[in-house]
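Morning, everyone. Let me put the structure up, and then I'll walk through it.

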Amino acid sequence: MGIETGTVMLSIIGPEVVLVLAALGIMMTDLFVKSDSEQPFLMWIGFVGMLGALAVSASFWGKEAAYGFYGMVVADNFSAFFTTLFLIAGGLTLLMSSGYVRAQGIAAGEYYTLTLFATTGMVLMAQSTDLIMLFLGLEVLSVSLYVLAGMAQDSTRSAESSLKYFMLGAFSTGFLLYGIALLYGACGSTRLADIGSVLAQKQILREPMLLAGMGLLLTGFGFKIAMAPFHRWAPDVYEGAPTPITGFMSVGVKAAAFAALLRVFAGSLAALSPHWKELLWIGSVLTMTIGNVAALRQTNIKRMLAYSSIAHAGYILIGVVAGGSAGTGAVLYYLLVYTLMNIGAFAVVITIEQKGEKNLNLSAYAGIGSRHLALGAAMAVFMFSLAGIPPFSGFMGKFYIFSAAVKEGYIGLTIIAVLNSLVSVYYYLRVTVMMFMQEPESGAEEAAVFFHPALAGVLLIAIFFTVQMGLFPSSYLQFAQDSIKMFL
Amino acid sequence: MEQQLFWLWGGIAVISAVMMILKRNPVHSALCLVVVFVSLALLYVLLGAEFLAAVQVIVYAGAIMVLFLFVIMLLNLETEVRSQGLSRVAFKACSLAGTGLLLLLLLGGGAVKALRAMAPEQVSGVPGNTQAVAELLFTKYLLPFEVTSILLLAAIVGALVLAGKRD
């Protein structure tokens, strides 16, 4: 692989540059924001920044992979796909936040700045071709999110969430760094391409240092994607964080960690795939089973969605285990689908949530569907899609992942996954049943719905794509397939 | 010689790191951490990275440890310290032993440096350590270097948000 090393090529980190400039712009403008009513202006600066970054990253699509900064970053189809995904997640999060931030009294300037920094970190992770760069991207992402998780005003839960995320996140970063150090020790380079070519010579494949490094790296990534047994932080953190940030974490961090996982494991550690596929097989089964079974018992909607997001990480891991064009393509497609439907579900949660973490209990959803038909219908679409019921996109996502697994001969894994999705139907449908078929307990105050035009926009976008990607999946799947050519 | 020194300092680093966790008195823990930092610095010297060693001592053993100690003192852990702490004599003995150890380590560091200077692979014309680090930092590692600044900025913004929340 001939990597041009001597060049800097600022254009390659174009999306990051635009995002950071927008973040700095928000910080500057924040100084002049006098009243609460001017706050949405800050959000729109961020949103325009996201759109600009999207335009830059779209210009990378379909071109030859371009390396920059001495082979530290690359702009290729894979990074363009994930950058698009992160910017969709980030942009929708900003739109969801604008009303929420004001209603909950969160410091808007810092909130939007950190959201943009977190997105920058994700994009860096998807573009990096060097373990050091990957680590830094992950840290930019994590540090921003540690703080964002604790930003809900005057909430002990939020502080707990932030502290837990920080302590466990820092611990997992230690694992990741140790893994990087051991890989460096075994291969003599932190550059992914060099590691790949050293391993291709098959001389050190049995080296304990290499295997330990791989295991530690997997642990570090496993924490970020909430893979069992490293998932224990997720429900508490997701519950305490401000709701739009929970949505952002559940899709963005997961996708970023999967992007890195694919680049490192499917890309340069491909020679070790018998070892890590075995580990991921076990991880996948544990993750989806624990996620689904625990979600059955939840009464708090955010905790339920947290366990559901753990379960979905398990499904996505199946695609990574299956590998190949079909499996990896299905992973990318599933991530895109999951991003839109899960953000949509969180947008509904925000609409129903009241100031001070009220109405997060499932019982608060009783009867909402009959009083607010559109909202109930929207939630039903997202729940059906998350459960994997046709014709919504969640079904197509699962279909592609499972069929890839069957094709590669992982029949047992597929059977476990199908059984798991059956279990998950129960708790997804319970929400819908609550909304449409139950009356609120007598005496309970009627839940008012928090309406905001930007939030309605998010809901419309999410519904549109959840339906459209389910009915016409082929062009999106093609998009995903085109993004992974370099692994094959 | 280098091998033995590596095992000596590596061993001291590991033992002090374990001690740091086991000590109940936070000040003792902090002092153990200083020993870890200094022995790491000595390992850097052993690798021929004098610049890194100096930075390690100045930044970690110096600046960051001072901050740690400040925080520990400000948290006012006096009662705990008294009940768990060593007696005065034992503390004096420990600090004397610690100082002695540090001196020994530093002297050892000097010895290694002399050793390396005599080593045959030292070719004249190789740029100095500091220059080599600087060159790498502004060529190969330019992007990580710049991204670190974003990381720090995010951390500063975050610290301000979380600290200012209670006003």
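First, a term: a salt bridge is a side-chain nitrogen of Lys or Arg within 4 Å of a carboxyl oxygen of Asp or Glu. Between chain B and chain A the count is 0 salt bridges.

A word on the source. This is a predicted model, where local features need pLDDT of at least 70, side-chain atom pairs count only at pLDDT 80 or more, and totals for chains, interfaces and linings use all residues. Residues are numbered from 1 along each chain as its sequence is written, chains are lettered from A in the order in which they are written, and side-chain values use heavy atoms, with hydrogens and water left out.

Back to the interface. Contact means heavy atoms within 4.5 Å. By that rule, 19 residues of chain B touch 28 residues of chain A. The area buried between them is about 2,100 Å² (accessible area, 1.4 Å probe, lost on being put together, summed over both). Carbon and sulfur atoms give 83% of that area.

Now helix 18 of chain A, residues 453–471. Helices here are DSSP runs of H or I, at least four residues, numbered from the N terminus. Which residues of helix 18 of chain A are buried? Among them are Leu455(A), Val458(A), Leu459(A) and Met469(A). Buried means under 20% relative accessible area, exposed over 50% (1.4 Å probe, protein chains only).

Conventions
Helix = DSSP H or I, 4+ residues; strand = E, 2+ residues; numbered from the N terminus. Expected span 1.5 Å × (residues − 1). Buried area = accessible area lost by both parts, 1.4 Å probe.
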